[in-house]
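Work through the exercises below with the model open beside you. Try each task before you read its solution.

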Amino acid sequence: AVVPSGGVVMVGEEGAAVVGELCVAVSVPRCVYRAKEGDDVRRIGEMFELDWLTIWGLNVDLSIMTPPVGSQVMVGRMYTVQEGDSLVSIAKEFEAPVSLLRKLNFDLADGRASSSLPPFTALCLFPNTCSY
């Protein structure tokens, strides 16, 4: 049977093939990276263009530089969007480039969220902890 893109073949009454649809919801947690073989805190920092010392500080349960394969490594802090916030205003407040906020928040990568963001939206951010 030819199945349309995204369709599934199911067996209906009397064994006849029926084409249907299957909907799958995928949830991707913000501010979390899943460690792979060969990862260490420095390498993870390089991947996200982040300061590895702060990544280590975000992961207080990590006693060594190399997280176990499959473990969750925090790569930022959660921020709840306030009324009137925009990506640009958040970037300015936390001294974090807009490009980094887009990198840490996959759904903002296309550039549409620069004017305003819905209040109470959770964002991952990596504030500049080295500014004076």
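The buried residues of helix 1 are covered by parts that include strand 3 (32-34), helix 2 (52-58), strand 4 (72-74) and helix 4 (98-104). Keep in mind throughout that this is a predicted model.

**Exercise 1. The overall layout**

Task: State how many helices and strands the protein has, and give their pattern along the sequence.

Solution. 
- Step 1. The protein has 4 helices and 6 strands.
- Step 2. Along the sequence they follow the pattern β-β-β-α-α-β-β-α-α-β.
- Step 3. Turn to burial: 31% of the 132 residues count as buried.

**Exercise 2. The buried side of helix 1**

Task: Find the buried residues of helix 1 and explain why they lie on the same side.

Solution. 
- Step 1. Helix 1 spans residues 41-48, and its buried residues are V41, I44, G45 and F48.
- Step 2. These residues cover an arc of only 100 degrees around the axis, which puts them on the same side of helix 1.
- Step 3. Ask what covers them. Strand 3, helix 2, strand 4 and helix 4 are among the covering elements.

**Exercise 3. Salt bridges**

Solution. 
- Step 1. One joins the side chains of R30 and D107, at 2.8 Å from N to O. R30 sits in the loop between strand 2 (17-21) and strand 3, and D107 in the loop between helix 4 and strand 6 (122-125), so the pair ties together parts that are 77 residues apart in sequence.
- Step 2. Compare the partners with the cut-offs: buried is under 20% relative accessible area, and exposed is over 50%. R30 has 18%, so it is buried. D107 has 38% and counts as partly exposed.
- Step 3. Another joins R43 and D39, with an N to O distance of 2.3 Å. R43 is partly exposed at 39%, while D39 is buried at 1%.
- Step 4. K103 and E49 also form a salt bridge, at 3.0 Å from N to O. K103 belongs to helix 4 and E49 to the loop between helix 1 and helix 2, so this pair ties together parts that are 54 residues apart in sequence.
- Step 5. K103 is partly exposed, with 39% relative accessible area.

**Exercise 4. The surroundings of D39**

Solution. 
- Step 1. D39 touches Y33, R34, I44, M47, T66 and P67.

**Exercise 5. The largest pocket**

Task: Give the volume of the largest pocket and say which element gives the most to its lining.

Solution. 
- Step 1. The volume is about 200 Å³.
- Step 2. The lining has 14 residues, and V28, P29, C31, V32 and Y33 are the closest to the centre.
- Step 3. Strand 3 and helix 4 each supply at least two lining residues.
- Step 4. Strand 3 gives the most, with 3 residues.

**Exercise 6. P68**

Task: Is P68 buried or exposed, and which residues does it contact?

Solution. 
- Step 1. P68 is in the loop between helix 2 and strand 4.
- Step 2. Its relative accessible area is 51%, so P68 is exposed.
- Step 3. Setting aside neighbours within four places in sequence, P68 is in contact with A35 and L62.
- Step 4. P68 and G38 are 30 residues apart in sequence, with 9.5 Å between their C-alpha atoms.

Technical notes:
Residues are numbered from 1 along each chain as its sequence is written. This is a predicted model: local features need pLDDT of at least 70, side-chain atom pairs count only at pLDDT 80 or more; totals for chains, interfaces and linings use all residues. Side-chain values use heavy atoms; hydrogens and water are left out. Buried means under 20% relative accessible area, exposed over 50%, partly exposed in between (1.4 Å probe, protein chains only). The arc is that of the directions from the helix axis to the C-beta atoms. Contact means heavy atoms within 4.5 Å. A salt bridge is a side-chain nitrogen of Lys or Arg within 4 Å of a carboxyl oxygen of Asp or Glu. On a 1 Å grid over the protein atoms alone, a cavity is a set of points where a 1.4 Å probe fits but cannot get out, and a pocket is an open set with protein on both sides within 12 Å along at least five of seven lines; lining residues have an atom within 4 Å of a point. Grid points are joined across faces, edges and corners, and a volume is the space filled by probe spheres set on the points.
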